[in-house]
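Hello,

Here is the structure I promised to pass on. Please open it first, then read my notes below.

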Amino acid sequence: MCSLCGVLGGRGHWTESAANPDAFPERATGVPRRAERQARARLCQPILRHHGLTLAEWGGQAYILKSATGRTELVDNLSELWAAAERLTGRPCDPLDEDLLASLARTADR
Amino acid sequence: MSLYGEAIPVNVITGFLGSGKTTLLQGLLAAPDLRDCAVLVNELGEVGLDHQLLDHVAESTLLLENGCLCCAMRGDLQGALRDLFDRRERGELPPFRRVVIETSGLADPVPIAFTILSEPVIQHHFRLSNIVATIDAVNWAAQSARHPQWAKQAAVADRLVVTKTDLAEAGALAGLDAELARLNAAAPRLSADSARLDPDALLRDDGHDPAARLAEAGRLAAHQAPLAETARHGHGESIHSFALVHDGPLDWTAFGVWMTMLLHRHGDRVLRIKGLLNVAGETSPVLINGVQHIVHPPRHLAAWPDDSRASRIVFITDGLEEARLRASLATFNALTAPATPHAMPAQPAL
């Protein structure tokens, strides 16, 4: 329960294998939750770099999203991340954007 | 199981005005095994429901901060479900083991799903079992032409129950079958006029049950080839379903990044996703299930339903193209691929 608002905490986000151990019997025992969160932040870097942003895992509880001008947002999960990124940049975050995909393909080739 | 005991399954019965939702519900509630259901009805129709746990809810929607219509919380349902649970806990109601919600004929079922899956208290005590849509075999063509909600209800359903089949002409039935295959290829189509409409198949047979999961996976596996794209115009006519097939394992973290980004930007056009995933590091497949911006917790499947080890994701979209989604997913997944070894000499076989 959240001590500030008194609301029962939600379930872990659907993207977190550690929050859904029944669905990932092998992965959940092999990948610590913190390591998974750090890997997620690393994987988002090339996508966010395309938008001039960086992401870091923060204390096992949240992620810090920063713009090139130093504006910062704290997000709990991936579903919140993209809306926050759009607020910081004023540009849409679209996985079907051809420029983004070309940039990611170059990253993967390195 | 939730921290608070076994979550109570909730079934949503939706369908256009006059499509036979209440008649279907009446028949289901007569089944001995389903007498311990609580029923929430969004509108009281002409067909009387004689059931001990019947409640009527008025429709009210609380739009959340992000302004997305599918992520709107149904305030009436929030209050009704909390109240049902409180009264059950206090012993004022019998310990019902299932809740069935009958929506109004014009309701969008997605905010109902969102409320059950996301409301902080409700998500601990209830789980979304499935969405059943009734489809009127006689009037479907006129309804679908005039009301976009018709296609939405059919597209987001897990089960499609075609009603009034005995009154419909053969041509209309064939046309409806083709239309439902286009809108929602992965959902089983059942006839309400069948004397053996099985309550289990309709309400209990959901992703929570391991045996039902395997059946679901089999249906997903059957949709390996992208369905033909058809150019159509008019209400709901750009909605179509296709299967995205990805060969080789998917990195779960990359998949989550890709899917959340896709649903953030295009969730209003992704009506439904159901997928069987080959996740790197897992021997058996993972099932995913989502409605617009809302994704259920992933589920584990004990075994693959066939010999293929490809990931297969059935999408029901409004105008998104399969090839673009497939290429995008492959690009995101490649971000996690190990660097290609350069100039590595081949090792002799031992």
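Predicted model: local features only at pLDDT ≥ 70, side-chain atom pairs only at ≥ 80, totals over all residues.

Across the interface of chain B and chain A, the rule finds one salt bridge. The side chains of A:Glu86 and B:Arg265 form it, at 2.8 Å from N to O.

Which element of chain B gives the largest share of the side that touches chain A? That is α10(B), with 14 residues. Among the other elements that give two or more residues are α4 (122-125) and α11 (322-334) of chain B. This side of chain B divides into 22 nonpolar, 15 polar and five charged residues.

Now the interface as a whole. In it, 42 residues of chain B are in contact with 42 residues of chain A. The two chains bury about 3,600 Å² between them, 68% of it on carbon and sulfur atoms. In chain B, B:Trp252, B:Met261 and B:Leu335 lose the most area to chain A, together 18% of what that side buries.

Next, the aromatic rings. Over all chains, the structure holds nine aromatic pairs. In one of them, the planes of B:Phe85 and B:Phe126 stand at 70°, so the pair is edge-to-face; the ring centres are 6.0 Å apart. B:Phe85 lies in helix α2 and B:Phe126 in strand β7 of chain B, so the pair ties together parts 41 residues apart in sequence. B:Phe85 is buried at 12% relative accessibility, and B:Phe126 is buried at 1%.

B:Trp258 and B:Phe315 also pair edge-to-face, 6.5 Å centre to centre. Both are buried. They belong to one aromatic cluster that includes A:Trp14 and A:Phe24.

Best wishes

Notes: Residues numbered from 1 in each chain as written. Chains lettered and ligands numbered in written order. Heavy atoms only, no water. Contact = heavy atoms within 4.5 Å. Buried area = accessible area lost by both parts, 1.4 Å probe. Salt bridge = Lys/Arg side-chain N within 4 Å of Asp/Glu carboxyl O. Helix = DSSP H or I, 4+ residues; strand = E, 2+ residues; numbered from the N terminus. Nonpolar A, V, L, I, M, F, W, Y, C, P; charged D, E, K, R; others polar. Phe/Tyr/Trp six-rings, centres within 6.5 Å; stacked < 30°, edge-to-face > 60°. Buried < 20%, exposed > 50% of the residue type's maximum accessible area, 1.4 Å probe, protein only.
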